[in-house]
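Student: Could you take me slowly through one part of this model, the open sheet, and explain the terms as you go?

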Amino acid sequence: MDAAEQRSSMPAEEPAAGGVRAADGSLDHALPRGAAPGRRGRGWRGHGWRPGRRPGSRPGGAQSVTARRGAVTAVGGAVVVDLALWAALPHAFEKLPTAFWVMAALALAVDARPYVVANRRASSVILPSICFTFGIVLAWGFVPALAVQLAAMAVAGVRMRQSARRALHLAVQHAVALTGAAVVAVLAGLHAGAQPHWEDAVFTVAAAAAWIGARAGLDPLITRCAGAGRRRPRARRRGPELFATAALLLLGPVVLAAAQVGLALVPLVLLALHAVHRMVRSTGEYERAARVDSLTGLPNRRALQTSVAERWTGRGPHRPERRLALLLLDLDRFRTVNDALGHTTGDRLLVEVARRLVAVVPPHDLVARLGGDEFAVLATRVDGPAAARRLAAHLAEELGRPFALDGLPIDVSASIGIALQSERGGDGASLLRQAEAAMYDAKERGDQVAVYARDTEHHTPDLTLLADLRLAVRAEPGGDPAADGITVYYQPQIAVATGEVVGVEALLRWRHPVRGMVGPSELLRVAEQTPVMRLLTSRVLREVIGQLGAWRAAGRPLRAAVNVSVRDLHAADIAEEINTLLHRYDVPPDLLQLEITESALMADPHRVLDTITRLDRMGVAISLDDFGTGYSSLQHLRRLPFSEVKIDRSFVLGMAADRGDAAIVRSVIALADSLGLRVVAEGVEDERTWRLLAAAGCHAAQGWFHARPMPAPDLAVWLSRYRPLRPGREPGALAVPTS
C-alpha cells in the first residue's frame with residue numbers, strides 16, 4: 001500500500017501472530033501453541049513488579065462496546081452522508097447506467113473481506129473496493145464514487161470491528177484520496193469510455209498517483225493531530241502495500257472497460273482480486289515468519305533486536321530511574337535431553353519452557369527464543385542491578401520446577417546473563433552483546449545468574465580474532481612458514497632411564513600482528529568449536545610431517561606428537577590426509593603420533609573409533625593425553641588401539657610434595673605397564689620429580705627441567721649441545737654417561 005496506509009486492527013479470521021505489533025504500536029507477546037492465556041497475569045510477584053494489562057488492550061466487554069460504537073458510527077455516518085449527497089446533488093445520481101450499480105454492488109461485496117498486511121509495527125488494511133470506486137470516479141465523477149466508497153467502508157468497518165475514531169480516520173483518508181484522483185481527472189479532461197486512447201492511460205496513472213499521494217500527505221497530519229507520536233515505518237517496508245494498492249487502482253479502469261463491453265465480464269475481475277489478496281496475505285505471512293520462531297511461536301532474534309533498538313531510541317524523559325534490562329537464558333544440559341529422549345521430546349521441552357516463561361513475564365515485556373536452547377526476556381521497567389537479579393532469580397525458580405513429559409519429570413536449569421541499559425549512551429547491539437557476555441561468565445563460574453561487567457567481555461567468542469586466525473591459516477606464506485604468525489614449537493621428550501631424546505611434542509604458537517602472542521588456551525577456546533580448527537590441524541600436520549622428513553634426511557629421525565581435537569577425528573578424510581603427507585615427505589608412519597584428550601574421547605568414543613583404528617593400521621601411534629583429568633573408562637583404555645598415555649601435569653607438578661599426587665602417578669604407570677602402554681609424564685620441572693618418575697618406572701618425561709618448547713631451528717641447536725643425563729643414585733646427583 002502507499003506509504004501512509006491506514007493502521008487498523010486485524011480482522012477476526014486472521015489473528016496477529018506472536019510478536020506482531022498491535023495497532024497502538026505495542027509489541028504483543030506470542031503465546032506458544034497450547035499456552036494458557038489466563039496465566040499471563042502472574043507477573044513478577046514478590047519481585048518488585050506487578051501484573052499489568054497489555055498496552056492498548058481492553059477487557060472483552062469494553063472491546064464489544066467499542067466495536068458496536070464503531071459499527072454504528074460507520075454505518076450511520078455512511079447512510080447520513082449518502083442521503084445528504086443524494087438530496088443536495090440529485091443530478092449526480094441521475095441516469096447512472098447499470099454498469100455503475102453492478103460495480104457499486106461488487107465494491108460492497110469485496111469489502112466484506114478486506115486485505116490485511118501485518119508488518120513489523122502494526123497491521124495495514126487495504127480495501128479492495130478502491131478498485132471499483134477509482135473506476136467510478138473516472139467514469140461518473142467524484143460524488144457517486146464517494147457515496148459508494150463510504151458504503152463499502154461501512155461494511156469493512158463492521159467486519160473488522162473498528163472503533164469510531166478509526167472508522168472516521170479511514171473515511172477521511174479515502175475521501176481525500178478520491179478527491180485527488182477526481183481533480184486530476186477533471187484537469188486532464190479524462191472521461192473513461194469504451195475506447196480509451198494512449199493519453200487516457202497516462203492520465204489514469206497520474207490519477208492513481210494523485211490518489212496515493214493524497215493519502216500519503218494526509219496520514220502524517222492525522223497522526224499528529226491524534227497525538228500518536230509514533231514514527232512512520234520505513235518506505236522499504238511498504239513496498240508490498242504500495243504495489244497492492246497500485247494494482248487495485250489500475251485494475252479499476254480495466255473493470256470499467258469490461259463493463260462498457262459487457263456486464264457479464266465484470267464479475268470475472270473477482271479472480272484478479274483474489275490473486276491480489278493472496279499476494280498480500282503471503283507477504284504478511286512471510287514478514288511474520290521472519291519475526292516469529294516456528295517452534296514456540298515466540299518472537300525470534302530478529303524481533304528482539306528490533307524491539308531493543310526501538311525501545312532504546314524511544315526512551316522518554318519519564319521515570320528516568322527505569323531502564324531496560326535484557327536477560328539471556330541458556331538451558332543447562334539440554335543436549336542430554338536430546339541424546340537420551342530424542343529431539344522430538346527436546347522440542348516439546350522447549351515449547352513447555354516457552355509457555356512457562358510467557359506465563360510469568362508481565363505483558364509489557366518481551367519473551368523471545370533466540371535459537372537452540374537460548375531464550376531472552378526484555379524487561380522494560382527495571383530500577384537497577386538488584387531488581388534485575390530478583391527478576392532472574394524468579395525466572396530460575398520457575399524453570400526449576402520439573403517439567404512433566406509423558407509422565408517423566410525433567411529437571412531444567414538455566415544460566416542467565418543480565419545486561420542493563422547504560423545511562424551514558426550505547427545501542428541495542430551492545431546490550432545484546434553484553435547480555436551474552438554475562439551469560440558466558442555465569443556458565444564459566446558455575447553461577448546461575450551474572451550481571452554484565454566490563455571484565456566479563458572476554459568471555460564472549462572473539463569473532464574478530466577468529467576471523468584473523470582464519471585468514472592466517474589460509475594464507476600462503478611462501479618461503480617463510482612463519483610469515484603469517486603461525487609457528488610450530490617443539491618440546492623434547494626424554495627417556496627417563498637413559499636421558500636420550502626419544503621424540504618431541506609439536507605445540508602451536510600464533511603471534512597476532514596487533515595483540516602479540518596468543519596463548520594456546522585462548523587459541524583453542526576461539527577455534528575448537530568451529531571449522532577453523534580443522535584448517536588449523538591440517539596446517540600443523542603439514543608443517544610437522546614436513547619437518548620430520550627434513551630431520552630424517554639430515555640423519556636425525558625423531559618421533560613427533562601432534563594434538564588433534566575430536567572435531568578432527570570426526571572428519572572422514574583425516575586418515576587419507578595424513579597418509580598423503582607421509583608419502584609426500586617420505587616419513588615412516590611410526591615417526592608420527594597423534595594425541596587425543598581423554599575428555600574428547602569420552603564425548604563420543606564410538607564415533608572416533610573408526611578413525612583411530614584406521615590410523616593405527618597405518619602405523620600411526622595414538623596417545624591418550626591428559627590422562628586422569630577426564631571421565632576415564634578402563635574398558636575403552638583396554639579396547640582402543642592406544643600405544644601411550646600421558647599423565648597430566650597437574651599430578652606430576654605436585655608429586656614431589658603431595659603423597660596423593662605421587663600415588664596417582666605410580667598407579668597410572670603400573671596400570672599402563674600392565675596393559676603394555678608407554679607412559680609419558682608432562683610438567684617435569686625439577687630433578688626430584690624426575691628421579692621419582694624413574695623410581696616408578698615411567699618411560700619418558702617432558703618439561704622445563706630439560707627444555708622449554710622452541711622453534712625447529714633452535715631445537716637443532718639444542719640437540720647439538722645436549723648430552724644425555726640419567727637420574728643419579730644420590731639425591732642431587734646426575735650421572736653423565738661416558739659414551
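Tutor: Two strands are said to pair if DSSP finds at least two bridges between them, and strands (E, at least two residues) and helices (H or I, at least four) are DSSP runs, numbered from the N terminus. This is a predicted model, in which local features need pLDDT of at least 70, side-chain atom pairs count only at pLDDT 80 or more, and totals for chains, interfaces and linings use all residues. Residues are numbered from 1 along each chain as its sequence is written, while side-chain values use heavy atoms, with hydrogens and water left out.

With those terms in hand, begin with S4 and strand S5 (residues 374-382), which pair in the antiparallel sense over 5 bridges; within this pairing, Arg 369 has Phe 375 in S5 as its bridge partner. Both strands belong to an open sheet of 5 strands, whose order is S4-S5-S3-S8-S9 and whose pairing is mixed. Because strand S4 (366-371) and strand S9 (449-451) stand at the edges, each with a single partner strand, one side of each is left without a neighbour in the sheet. From one strand to the next, the twist averages 20°, where axes are lines fitted to C-alpha atoms, for helices over the stretch in contact, and angles run from 0 to 180 degrees between N-to-C directions.

Helix H12 (residues 385-400) packs on this sheet and touches strand S3 (323-331), S5, strand S8 (414-420) and S9, contact meaning heavy atoms within 4.5 Å. The direction of H12 makes about 155° with that of S8.
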